[in-house]
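My entries follow in the order I made them.

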Amino acid sequence: MTDVKISLSSNYSCVQPEIASIVIIGGGVMGMSTAWNLAQRGIQGIVLLEQHEIGRGSSAKPMGGVRANFSDPNNIILGQRSLKAFNQFGEDFGVNIELSRVGYLFLARNDEEAVNLEVATQTQNELGVNSFMVSPEKVSELNPFIDPHAITVGAYSPEDGYACPAAVVDGYRRAAQAMGVTVLDHTEVRRITTSGAQIESVVTNRGTIRTNQVVCAAGAWSARIGGMVGQPLPVEPVRRMIGITPQRPQAHATVPFTLDLGTTFYMHNYYNALLLGISHEEKVGFNREWTYEWLDDFNDAAATVAPELVNPQLEAGWAGFYENTPDHNAIIGASSAVEGFYYITGFSGHGFLQGPAAGEFMADIVCGDQSFLPKDAFSVDRFSVPNIGLTEKHII
């Protein structure tokens, strides 16, 4: 099984500054989007650190979906705002992100799931999202792999789709560097020092950076960064694996990004092949080895939803991390325990698609600017209050 390679150059800067106005930890879509949004506001002295290679953490391994068809209004807004950014990304950044607006298709197979889809679709419509319910017969027309007899109803959003995460990260990186952001890869954060509950410095394998502001955009590695300053960030790494079928020109119809709520089965086109996966049960941990373990669960789901895809032939695939929080929603905000510490992480599988708007929201919080969401909309403090959490239903 070969890994799909992401081509991004490395060693963007060889000299680590001694002073920074703000240090961003994490070189994926969240870190880069935040860096660019801050630089857009004229902030100088931004330093971004990545422990490995830029864009090769969680941002190198997602499914690439872009959508606004969530059930929670704040998630809808993040997705909708990000879709607009993706739609004109090529014009704004001069990068082809291979945006394919094939639509998103959620499947319900019982009455409870159907009601949830109907309520979510109404909320989406009220916020301006073009989405609507579709019959089992229409589901089969949109995606011929799906057995209409297994479906109660579907929800379709034709303006959603998928794009290339690596291209988005690189577009932000180039633009941020052009505005003076220092980007350092192969730079591990070993310690963050504080004085009187205020950020004082960031110590890396290259030396010390004096700063009073840090943004944690470290994805699956965020809990460790939060622990350095005493700010709990309940983020756990969970392996997710996907497979790619052989390239077969003209063999596959173009189908929407399709997800079954009950089994967590999902699929979409991948050039002239198919991308297949399922959110199977996994232990928490940093194991990122690709194996065939997920195929048993996938085949069970496919037997119900898409019988033609049982026992698929695969020629490529990869394993990556979900960065899961207790309620499977992002945490974005300013620490209430440590002045100058911010976090944008824990997206639980839907980070790439919310990246542009999430980075803008993070920049609003850092700069104290009026924003398009309440500043506490995704605060980590929600986990310290009993029975408080987000109830997003359109995640797998």
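In which sense do strand 18 and strand 19 pair, and over how many bridges? I find them antiparallel, over four bridges. Before going on, I note that this is a predicted model, where local features need pLDDT of at least 70, side-chain atom pairs count only at pLDDT 80 or more, and totals for chains, interfaces and linings use all residues. Residues are numbered from 1 along each chain as its sequence is written, and side-chain values use heavy atoms, with hydrogens and water left out.

A334 has Y342 in strand 19 as its bridge partner. Strands here are DSSP runs (E, at least two residues), as are helices (H or I, at least four), numbered from the N terminus. Two strands pair if DSSP finds at least two bridges between them.

Entry on strand 19. On its other pairing, I see three bridges joining strand 12 (residues 214-216) to strand 19, and these two run parallel. V215 stands opposite Y342. I checked burial next (buried is under 20% relative accessible area, exposed over 50%, partly exposed in between, with a 1.4 Å probe and protein chains only). Five of the five residues of strand 19 (341-345) are buried. F341, Y343 and T345 lie on one side, Y342 and I344 on the other.

I traced six strands in an open, mixed sheet, in the order 8-2-1-12-19-18. Strand 8 (182-184) and strand 18 (331-334) are at the edges with a single partner strand each, so one side of each has no neighbour in the sheet. Strand 1 (residues 22-25) and strand 2 (residues 46-49) run parallel, joined by four bridges. V23 is opposite V47 there.

Entry on helix 1 and helix 6. I read off that the axes of helix 1 (residues 29-40) and helix 6 (residues 165-178) come within 9 Å and cross at roughly 30 degrees. In helix 1, V29, M32, S33 and W36 meet V168, V169, Y172, R173, A175 and A176 of helix 6, where contact means heavy atoms within 4.5 Å.

Entry on S131. I located S131 in the loop between helix 4 (111-126) and strand 5 (132-134). S131 is buried, at a relative accessible area of 6%. Beyond its neighbours within four places in sequence, S131 contacts T121, Q124, N125, Y156 and S157.

Conventions:
Axes are lines fitted to C-alpha atoms, for helices over the stretch in contact, and angles run from 0 to 180 degrees between N-to-C directions.
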